[in-house]
Structure formats: C-alpha cells, structure tokens
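The sequence and structure come first.

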Amino acid sequence: MAFTIVGTGSALPKRKVTNDDLSEFLDTSDEWISTRTGIKTRYVCTDESLDDLAAEASEHALADAGIEVKDIDLIICSTTSGDHLMPAEACAIAERLGASCPAFDVSAACAGFVFALDTADGWFCRGRARRALVVSAEKMSRLLDWEDRSTCVLFGDGAAAAVVEAGGKSPIWSHLVTKPDVASLDVPGLQGTSPFGSTEDAQPSKLLMKGRKIFHFAVSSIEEELKALEGESGIALSDIDHFVFHQANERILDAVAKRCGIDPSKMAHTIQETGNISSACIPLALDRMSREGSLHAGELVLICGFGAGLDIGTTLIRWNKEQDA
Ligand code: UT7
C-alpha cells in the first residue's frame with residue numbers, strides 16, 4: 001500500500017518566549033541556550049488549550065487539501081501532553097471538527113508523527129480508511145519543571161497536521177525502532193489518590209531527562225537508520241532533496257550532517273524559532289516548507305523523529321502535492 005500527503009496545517013500559541021524572558025526567572029542566558037541548542041525563542045500556551053491548537057492546525061490542513069471533514073475516515077493524534085488523560089486528544093479534535101470517524105491517539109513521544117503516519121498507512125493497507133487526518137499536538141509547557149534550567153529552556157508548545165490519502169508513491173522506505181529505556185527521558189504518570197496505593201517513591205509528573213545520553217542516542221541512531229536506508233532502498237543520501245529531522249538540538253543536526261555527509265542547507269531548521277515541540281516538529285516543518293514553496297512534487301523527503309522510548313522512526317517519502325498557484 002502507499003500514501004500521499006495532500007494537505008498540511010499548523011498552529012502555534014500567541015506568546016513567544018525569548019531566552020532573555022527565561023533568564024528573568026532562571027539561572028540561564030541567551031548565550032548558553034543559543035550556543036548549546038540553537039534555540040532563540042519558543043511559543044508557550046497562555047489562554048490557548050491544546051484542543052484549540054490541534055483543531056486550528058487540523059482546519060488549516062483540511063483547507064490546504066481542499067477536503068471536507070466528512071471525507072475523513074480516521075483521525076490519529078500523536079501526543080504525550082494532551083488536554084485529557086481520557087479521552088484521546090483525537091476525540092477532542094473530532095468533536096471540534098464535527099467528525100464521526102474513529103479517532104485515537106498514538107504515544108511515541110518525539111517520533112510520534114512518524115509512528116502515526118505508519119499507523120494510518122496500516123489502516124489504508126487493510127482497506128479500513130481512504131483518508132486520514134494525522135495530527136501532532138503538544139503542550140510541553142505542562143510537563144516541564146520550570147525550575148530545572150537543563151530541560152525547561154528546550155521545549156515549546158504547538159500543533160501541526162497532515163491530511164493523508166491512500167495511494168501514491170510513499171513510503172519508499174520506512175523503519176520504526178524502539179530501544180527500550182524509560183529512565184533517560186521520563187514523565188512519571190499521575191500518582192492518583194487511591195486509598196489502596198502507596199505514595200512511597202512517588203514522583204511528580206514532570207519531565208526528567210539525561211540530556212547527554214539522549215544526544216548520543218539521537219546522533220548514533222540517526223546514522224544507523226540512514227545507513228540502513230541507503231543499503232536497503234538503494235537510494236543515496238545525496239539523492240534526497242530534503243531532510244526533516246526532529247528538532248531537539250541544532251548540534252544534533254550539525255553532528256548528523258557531518259557524520260552522514262548531508263548538505264545542511266537540505267535540512268529543515270525550525271528549532272531556532274519554536275524550540276522542541278516534540279512530535280509536532282516534523283509536521284510543522286513540512287507545513288512551513290510546503291507553504292513557502294520549497295517542497296516540489298516528485299522530490300524525496302526524509303523524515304526522522306527520535307526521543308523518549310527510546311523511539312526512532314524514519315520514513316522516506318516522495319512529495320506529491322503540487323504547489324498551489
Ligand atoms: O526531543 C527529545 C529528545 N531530547 C534531546 O534530544 C535532547 C538531547 N540533549 C541535548 O540537547 C543536550 O544534552 C542539552 C541541551 C540538554 C544539554 O547540553 P550539554 O552540552 O549536554 O550540557 P550539560 O547537560 O552537560 O550541562 C553543561 C553545563 C552544566 O554545568 P556544569 O555542571 O558544567 O557546571 C549544567 O548545569 O551547563 C549547565 N546548564 C546550563 N547553564 C545555563 C544546563 N542547562 C543550563 C542552562 N543555562 N539552561
């Protein structure tokens with residue numbers, strides 16, 4: 001089976017937070033954050049809910065595809081930071097859009113968009129859907145320890161969506177991997193108030209990360225995946241037109257470009273403006289590139305998400321959406 005991305009959309013909160021804004025209440029600086037990560041700003045929700053952002057991104061994607069919500073057979077949302085522990089964020093999106101198709105979430109952290117795309121492809125393969133709305137929506141600001149300068153400066157909020165149709169020329173190559181390791185990037189679940197539970201060892205639901213370990217996992221795993229892609233698909237990295245990696249750290253992108261011999265100008269770079277918005281980074285970059293006119297029908301686009309899990313998902317697609325006049 002195969003799929004084609006026929007529309008994209010995105011939505012960011014109004015409030016843009018600079019590194020200097022953060023240094024007003026944290027022992028940090030624009031100099032440290034910029035040189036260690038490449039991040040200059042990120043968007044953080046104030047009065048917007050994640051439901052708002054996810055619905056707005058979805059509406060933009062549907063409009064871009066020229067498709068009405070009644071023509072969508074499936075909604076998948078990738079998130080780890082939804083407005084509701086239950087129901088799925090996808091159900092809230094369906095309600096906002098007035099959809100009546102099946103809707104559920106996929107939780108694969110920063111690799112979520114790639115895992116969700118692969119799940120939609122599985123529904124196409126089984127003939128259970130012809131069109132899917134794949135949304136990645138993250139309100140990372142609710143998971144952060146705002147007193148921990150080593151993590152809270154890295155993340156932002158946002159949502160992005162893609163309308164995906166069965167048929168076409170993608171994926172050309174796809175690979176999903178989990179290298180199980182919970183402790184390196186963990187947000188402990190809610191403790192609850194069960195009278196039968198133990199509160200010993202209870203940890204707050206705040207993001208804990210071993211940054212260096214994740215950094216090395218990211219660089220070495222991306223290199224492994226790109227070598228596998230070249231070996232198994234017969235397509236050289238030099239033949240790929242665009243590389244849309246998860247945006248966790250500009251230095252990860254630099255290291256990958258160097259190790260794998262990728263021209264950095266072929267790589268998406270949105271981290272400077274948005275910080276790390278987990279699974280929303282990749283579809284947001286695709287939406288930006290599509291609207292700027294830098295993606296052309298027939299071009300090869302590599303997307304690769306990595307993060308907690310430790311999950312890594314890599315897919316090579318052929319962009320098939322014509323530019324709007
Ligand atoms: O999307 C999920 C996947 N996440 C990632 O891929 C993140 C990958 N990891 C990274 O991007 C980097 O490891 C970080 C940006 C998180 C950290 O960069 P680093 O170069 O590995 O720094 P470090 O953690 O080794 O810290 C170096 C120093 C420490 O001070 P000492 O112990 O050397 O005195 C930290 O306390 O920098 C200090 N530091 C800060 N200083 C100013 C840590 N955070 C800050 C900060 N401002 N915000």
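Predicted model: local features only at pLDDT ≥ 70, side-chain atom pairs only at ≥ 80, totals over all residues.

## Domains at the largest pocket

Domain 1 (3–166) and domain 2 (173–318) each contribute at least three residues to the lining of the largest pocket. The volume of the largest pocket is about 680 Å³. Its lining is made up of 31 residues, and those closest to the centre of the pocket are Thr79, Thr80, Ser81, Leu143 and Val187.

## Elements and residue classes of the largest pocket

Two strands, S9 (185–186) and S13 (309–318), each provide at least two lining residues of the largest pocket. Sorted by class, this lining holds 15 nonpolar, ten polar and six charged residues.

## The second largest pocket

The second largest pocket has a volume of about 590 Å³. It is lined by 26 residues, of which Leu154, Met209, Gly211, Arg212 and Asn249 are the closest to its centre. The second largest pocket lies between domain 1 (3–166) and domain 2 (173–318), because both domains give residues to its lining.

## Elements and residue classes of the second largest pocket

At least two residues of the lining of the second largest pocket come from each of helix H2 (30–37), helix H6 (149–152), helix H7 (211–233), helix H8 (250–260) and strand S12 (300–307). H7 supplies the largest share of this lining, with five residues. By class, the lining of the second largest pocket comprises eleven nonpolar, ten polar and five charged residues.

Conventions: Residues numbered from 1 in each chain as written. Heavy atoms only, no water. 1 Å grid on protein atoms, 1.4 Å probe; cavity = no way out; pocket = protein on both sides within 12 Å on 5 of 7 lines; lining within 4 Å. Points joined across faces, edges and corners; volume = space filled by probe spheres on them. Helix = DSSP H or I, 4+ residues; strand = E, 2+ residues; numbered from the N terminus. Nonpolar A, V, L, I, M, F, W, Y, C, P; charged D, E, K, R; others polar. Domains from an automatic or database assignment.
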